[in-house]
Amino acid sequence: MPIRVDAYIAGGLVRGVLSAPGHLRDVLETMSSLDLERASWIALGDDAGRSVGEVSIPIDDVLVAVADVDPTIPVHAAWHGISLDVGPYRVQGELPTLPGFDPGRALTRPSGEFVTLRDVRIGMLDDAEPGVAIGHHALVNRYGVERVAADLMLGFYFPGAAMEQVEDIVDEVGSAPRASAPA
């Protein structure tokens, strides 16, 4: 079954079908490039896309990737609201941790280049409007993140990013808090 992928890169959005077999996370974590077939390119600030056929994107250039199939996620996860600035995008969603997770005392660290978020919205950094929903799950390149706002201190998740700890993450449209501050 072909897997449709939206790959957000610094210059825009590439949409296509994964040319390698397997799951998107496996391709992002094991290959040197994300190869898409039947791809189209939508540049930042452009409304219309253009067909580009086959495209190969270096994995380090992929900031956010969304597939039309759900990734493997922790079954008993505690979800924490998070806002990330990555490249020209502001990404909002929820980050999974295991119940009882304490970042100050945790011995485990995330592995791999990409972190899973759920209920993901994306918008432009300079746009006052709230982001648009892009999928139930997305994979975010944790090394491309420049700023993090969350109710947990997540410096080891996003090395080099500026951290902003907040009590509650509330999306820009004023809905109820998604996560509470840890006790």
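Strands here are DSSP runs of E with at least two residues, numbered from the N terminus. Two strands pair if DSSP finds at least two bridges between them. This is a predicted model, in which local features need pLDDT of at least 70, side-chain atom pairs count only at pLDDT 80 or more, and totals for chains, interfaces and linings use all residues. Residues are numbered from 1 along each chain as its sequence is written, and side-chain values use heavy atoms, with hydrogens and water left out.

Strand 6 (residues 78-86) has eight of its nine residues buried, so the rest of the structure largely encloses it. Buried means under 20% relative accessible area (1.4 Å probe, protein chains only). Strands 6 and 7 form a hairpin with two residues between them. Gly87 sits in that turn, with a positive phi of about 60°.

| Strands | Bridges |
|---|---|
| Strand 6 and strand 7 (residues 89-97) | nine bridges |
| Strand 6 and strand 10 (residues 145-150) | five bridges |
| Strand 8 (residues 114-124) and strand 9 (residues 132-141) | eight bridges |

Some facing residues can be named. His80 has Leu95 in strand 7 as its bridge partner. Ser83 is partnered by Ala149 in strand 10. Arg121 stands opposite Ala133 in strand 9.

Key: Helix = DSSP H or I, 4+ residues; strand = E, 2+ residues; numbered from the N terminus. Buried < 20%, exposed > 50% of the residue type's maximum accessible area, 1.4 Å probe, protein only.
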